[in-house]
Amino acid sequence: MLEWTAALCSILGVWLMARRRLVAWPVGLLSVTLYGLVFAEAKLYSDTLLQVAFGGFLVYGWLNWRQHAADEGSIRIVPLARGKLLRDLAIGLCGGVALGAAMHTFTDAALPWLDAMLTALSLVGQWWQARRHVACWWVWIAVDVVYVGAYLFKSLHVTAALYVFFLGLAVFGLRAWSAAAREPQVATQ
């Protein structure tokens, strides 16, 4: 029941995020709280830590988006400079290796290296999402594909199905945010 509730909250949160709605952030906070419990029970410790980190990013994103909300509540998309893209990906990859080494050495984590790398790259995606960059959706597409296999391997079938759905939402988000990024921006006071 916990996994199903977490999955439903997650679907709602990602759908709202793809639609660039501010309410996505508090829904996301509920989702990561529930999924933190699910992953701890499954001994996916990097994923558990990821939910805690997501909580922090969700608070940051919520505050950042509130400052940039348009009158109708949608959020303006911001370009991501190539240098920042490369820097953030390098930090994510290094973080994934470091976390994987720690999980492999100090815990009984089920998939220490894979789980750690997906965690680190998910943090990059969450950072870019909070900063309103279209590139976040490319990260979500990549990690969602791999997460599906990892969750099937761990017999978390509901969560694997959820990530198939997330994959579809990520494609939707990519298309919606890309279209929004091409729209002329109205100057705000």
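**View 1. Gly168 in helix α7 of the predicted model.** Gly168 lies in helix α7, where helices (H or I, at least four residues) and strands (E, at least two) are DSSP runs numbered from the N terminus. The structure is a predicted model, in which local features need pLDDT of at least 70 and side-chain atom pairs count only at pLDDT 80 or more, whereas totals for chains, interfaces and linings use all residues. Residues are numbered from 1 along each chain as its sequence is written, and side-chain values use heavy atoms, with hydrogens and water left out. Gly168 is partly exposed, with a relative accessible area of 43%; buried means under 20% relative accessible area, exposed over 50%, and partly exposed in between (1.4 Å probe, protein chains only). From C-alpha to C-alpha, Gly168 and Ala40 are 26 Å apart in space, and 128 residues separate them in sequence.

**View 2. The packing of helices α6 and α7.** Two packed helices are described by the angle between their axes and the distance between the axes. Helix α6 (residues 135-153) packs with α7 at an angle of about 165°, and their axes are 8 Å apart. This angle makes α6 roughly antiparallel to α7. Axes are lines fitted to C-alpha atoms, for helices over the stretch in contact, and angles run from 0 to 180 degrees between N-to-C directions. Angles under 35 degrees count as roughly parallel, over 145 as roughly antiparallel, 65 to 115 as roughly perpendicular and the rest as oblique. The crossing of α6 and α7 is left-handed, a term for a near helix turned anticlockwise from the far one by less than a right angle (right-handed if clockwise). Trp140 has its place in helix α6 and is buried, with a relative accessible area of 11%. Between the C-alpha atoms of Trp140 and Val97 the distance in space is 19 Å, and the two are 43 residues apart in sequence.

**View 3. A nonpolar surface patch that includes Phe172.** Leu12, Trp15 and Phe172 make a nonpolar surface patch of about 270 Å². Patches are made of residues with over 30% relative accessible area and no salt bridge; like charges are joined within 9 Å, and nonpolar side chains (Val, Leu, Ile, Met, Phe, Trp, Tyr) within 5 Å. Accessible areas come from the Shrake-Rupley method with a 1.4 Å probe, and for residues only the protein chains shown count as cover. Phe172 is found in helix α7 (residues 157-182) and is partly exposed, at a relative accessible area of 35%.

**View 4. The salt bridge between Asp108 and Lys43.** A search of the whole structure finds two salt bridges, a salt bridge being a side-chain nitrogen of Lys or Arg within 4 Å of a carboxyl oxygen of Asp or Glu. In one of them, the side chains of Asp108 and Lys43 meet at 3.1 Å, N to O. Asp108 lies in the loop between α4 (82-106) and α5 (112-130), and Lys43 in the loop between α2 (24-41) and α3 (45-68), so the pair ties together parts that are 65 residues apart in sequence. Asp108 is partly exposed, with 44% relative accessible area, and Lys43 also counts as partly exposed, at 40%. Phi of Lys43 is near 60°, a positive value in a residue other than glycine.

**View 5. The salt bridge between Asp88 and Arg87.** Asp88 forms a salt bridge with Arg87, and the closest N and O atoms are 2.8 Å apart. Asp88 is buried, with a relative accessible area of 7%, whereas Arg87 is partly exposed, with 43%.

**View 6. Arg132 in the loop between α5 and α6.** Arg132 lies in the loop between α5 and α6. Phi of Arg132 is near 75°, a positive value in a residue other than glycine. Arg132 is buried, with a relative accessible area of 7%.

**View 7. Arg66 and Val59 in helix α3.** Arg66 lies in helix α3, and Val59 has its place in helix α3. Arg66 counts as exposed at 54% relative accessibility, whereas Val59 counts as partly exposed at 39%. Arg66 and Lys154 are 38 Å apart in space, C-alpha to C-alpha, and 88 residues apart in sequence.
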